[in-house]
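Have the structure open as you read.

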Amino acid sequence: MDRWAGEGKYDCNFLCVCMLADSSASHLSMEFANQLKLQHCINAFIDNHMDAPEYGQLGCGGFIVMDETHNVVSTCTSPFMQVRSLAFAHVETLLDAILAKQPTPQVCPGEFVRILTSDKDTAGATAICLQIDKGGSLLLQVLTGAQRQKQIRLAASDVWKLGSESDPEKGCHSSECGSRCSATGGCEPVWDDSQKDDSPVDEDFIASKLSLVSVRVPSMDAEHIECADALRRLAAELSMASLETTLATLSEHFAHEEALFDQHGFGEHADVRFSAKRTHIEDHNRLLEKMRQQLRSQGPVPSSFVRGLLQDFHEHTSRYDVQYSELLSSKCVG
């Protein structure tokens with residue numbers, strides 16, 4: 001968001017709003033600005049429930065996009081928590097259409113679809129949109145069925161957007177995509193955007209991703225070091241045994257962290273859509289499911305998977321864990 005605001009490509013206002021709706025909101029807003037080095041976007045906060053909006057979600061769950069007359073174009077773009085970099089491509093696609101005064105596409109990058117073609121290998125399969133070609137066709141990656149992980153191009157008329165009003169099944173009901181259940185039924189497919197590069201994991205890359213900021217809670221800082229050690233061994237060995245150890249280490253740490261949230265009331269919000277606790281735990285579950293899915297493959301652990309996991313862990317500690325630092329350290333949690 002800050003890069004978009006700084007580049008000047010889009011004649012838009014980009015707002016980053018802390019939704020804690022309590023007295024700690026201003027501190028977290030400033031902490032985010034420092035951690036993410038925000039310079040160009042508008043950084044704001046809401047410190048009481050009366051001023052909270054009637055709709056929306058936290059930024060990791062999707063952006064709200066409006067046009068120049070403040071008509072809502074999208075109440076929720078693809079969630080970064082689920083589709084990572086494709087979430088930003090979704091926003092850029094909408095902004096490109098708005099500024100060109102063109103209709104927004106039926107399907108955007110980062111959105112999941114069901115394939116309608118008569119091809120027996122892809123009919124009914126779940127896929128994710130990677131990009132829209134100049135001619136309007138969709139580049140898709142198939143997530144289920146015989147063509148899983150393959151990329152295909154289809155017209156927008158050959159798919160239904162997953163969960164849309166026009167989708168008669170309202171969601172994916174296959175466990176093939178490594179999905180987790182959603183609140184609306186069906187599932188939320190797990191998307192892994194790691195680049196398929198099987199060269200050894202670079203030591204400098206490992207060091208940069210495991211250089212972790214202190215959360216000022218001694219037990220959590222110590223456990224973060226344990227998690228980093230397990231990830232470092234995984235990067236060196238690329239073995240199923242080291243992945244199992246990493247999964248166990250992160251599972252134990254996440255459980256302890258979540259127990260502290262319950263004990264000290266971190267991230268609770270009258271409106272669950274803006275609950276920092278909920279989105280934090282959802283990211284825990286996403287990381288754990290990603291490792292379980294790799295373990296189910298029963299093959300060697302690809303270095304590309306480890307790179308993605310290191311990146312995910314670094315982003316989790318720097319974007320999510322800093323949120324509880326102020327509250328827990330102020331209560332002298334050990």
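## How the helices cross

A crossing is called left-handed if the near helix is turned anticlockwise from the far one by less than a right angle, and right-handed if it is turned clockwise. In this predicted model, α7 passes α9 in a left-handed crossing.

Helix α7 covers residues 240-264 and helix α9 residues 303-330; they pack at an angle of about 15°, with axes 13 Å apart. Since angles under 35 degrees count as roughly parallel, that makes α7 roughly parallel to α9.

## What touches what

On the α7 side, the contact is made by L243, L250, F254, E257, L260, F261 and H264. Their partners in α9 are F305, F313, H316, D321, Y324, L327 and L328. Sorted by type, the contact residues come out as ten nonpolar, two polar and two charged.

## A closer look at α7

With its 25 residues, α7 reaches 36 Å from first C-alpha to last, close to the 36 Å expected at 1.5 Å a residue. Its buried residues include S242, T246, L247, T249 and H253. The cover over the buried residues of α7 includes α6 (218-237), α8 (276-296) and α9. Just after the helix, G265 takes a positive phi of about 70°.

## Over to G110

G110 sits in the loop between α4 (86-99) and β5 (112-115). Its relative accessibility is 2%, so G110 counts as buried.

Leaving out residues up to four places away in sequence, G110 touches S78, V83, L86, I128 and C129.

How values were computed:
Residues numbered from 1 in each chain as written. Predicted model: local features only at pLDDT ≥ 70, side-chain atom pairs only at ≥ 80, totals over all residues. Heavy atoms only, no water. Axes fitted to C-alpha atoms, helices over the stretch in contact; angles between N-to-C directions. Helix = DSSP H or I, 4+ residues; strand = E, 2+ residues; numbered from the N terminus. Parallel < 35°, antiparallel > 145°, perpendicular 65-115°, else oblique. Contact = heavy atoms within 4.5 Å. Nonpolar A, V, L, I, M, F, W, Y, C, P; charged D, E, K, R; others polar. Buried < 20%, exposed > 50% of the residue type's maximum accessible area, 1.4 Å probe, protein only. Expected span 1.5 Å × (residues − 1).
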